[in-house]
Amino acid sequence: MRPYVFAEWKKTRKLQLFMIGMAFLVFSSFIGLGAYFANRAVLIDKTQSLVLWGQLTFYNSTLLYPPMLAIIVGQLLMPEFERKNIEMLKANQVSMDKLYFGKLLSGFFLILSVQLFLILIFVVAAKVDGISFDLSLAVHIKWLLLSVVASFPIMTLQSFVTAKTRNFSKAVGVATIGSMLNFVLIFINENLTKFFPYSQPMIALRSRSLTDLTIFLVVNSLYSLLFYKLTVAALKKNE
């Protein structure tokens with residue numbers, strides 16, 4: 001397994017994908033910070049840092065995060081479909097299971113590096129505003145790490161769509177529709193978001209109770225395993 005992981009990490013366009021992730025993060029952070037400072041004067045004391053965190057994470061996790069993941073996954077998988085490369089790999093007895101695992105792990109490390117900048121933006125903004133943290137920084141880091149775990153259902157789902165359609169635009173379109181449905185579910189019935197794959201990063205960034213965390217882990221595990229298996233099956237299937 002290790003040679004596959006190292007090989008996939010080596011051929012991944014790390015800087016390009018990292019910059020794509022940072023572009024999405026900077027854009028969503030600009031909107032979130034603008035909304036926070038526009039309403040700063042009416043905020044209740046000792047709630048500022050939670051409101052800041054909420055504004056920073058809302059637009060990102062709700063609307064922009066799924067398309068970002070779809071782009072990263074698409075860039076990892078689409079090169080294998082160009083010039084029948086996937087058929088050549090299968091002819092040379094390359095394990096699709098291990099190859100995909102290597103790509104998934106590469107994507108995980110890239111997304112983790114991008115999400116860590118979210119914490120940095122949060123800390124800097126809090127210092128600039130002169131506010132203290134209502135909850136410890138460790139709690140926010142825990143939520144952030146859970147959001148990276150919550151990326152797996154979306155990554156595996158988008159991998160399946162990409163492997164099935166072999167079309168980058170269609171896969172990103174599916175993620176965009178998913179993020180829009182996520183936004184709609186918040187207003188219809190927020191409880192439904194607990195079971196919607198595209199809502200999992202948003203839930204992770206607001207996870208506060210053991211019960212919610214348990215549901216979160218179960219839902220994420222089931223979605224990740226299901227779409228992982230479906231993606232590997234789609235990669236193994238001949239045209």
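A nonpolar core is a set of buried Ala, Val, Leu, Ile, Met, Phe, Trp, Tyr and Cys residues joined through side-chain atoms within 4.5 Å. Keep that in mind as you move through this predicted model.

**Stop one: the largest core.** Select Leu69, Phe81, Tyr100 and Leu235; among the 38 residues of the largest nonpolar core, these touch the most other members. Now colour by helix: H2 (14-38), H3, H4 (85-91), H5 (96-129), H7, H8 and H10 (210-236) each supply at least two residues of this core. The biggest contribution comes from H3, which gives 12 residues.

Next, zoom in on Leu69. Setting aside neighbours within four places in sequence, you will find Leu69 in contact with Ile111, Ser151, Ile154 and Met155.

**Stop two: a second core.** Select Leu25, Leu118, Ile119 and Leu205, which are included in a separate core of 17 residues.

**Stop three: helix H8.** Select residues 168-188. At 1.5 Å a residue, these 21 residues should span 30 Å, and the end C-alpha atoms are 30 Å apart, which agrees. Show Ala171, Val172, Ala175, Gly178, Ser179, Asn182, Leu185 and Ile186, the buried residues of H8. Look down the axis of H8: the buried residues fall within an arc of 135°, so they line one face of the helix.

What covers the buried residues of H8? Bring up helices H3 (48-81), H7 (151-165) and H9 (200-204), which are included in that cover.

Finish at the N-terminal end of H8, where Asn167 forms a cap: one of its side-chain oxygens lies 3.1 Å from the backbone nitrogen of Ser169.

Definitions and conventions:
Residues numbered from 1 in each chain as written. Predicted model: local features only at pLDDT ≥ 70, side-chain atom pairs only at ≥ 80, totals over all residues. Heavy atoms only, no water. Helix = DSSP H or I, 4+ residues; strand = E, 2+ residues; numbered from the N terminus. Expected span 1.5 Å × (residues − 1). Buried < 20%, exposed > 50% of the residue type's maximum accessible area, 1.4 Å probe, protein only. Arc of directions from axis to C-beta. Contact = heavy atoms within 4.5 Å. Polar contact = N/O pair within 3.5 Å; in protein donor to acceptor, adjacent residues only side chain to side chain.
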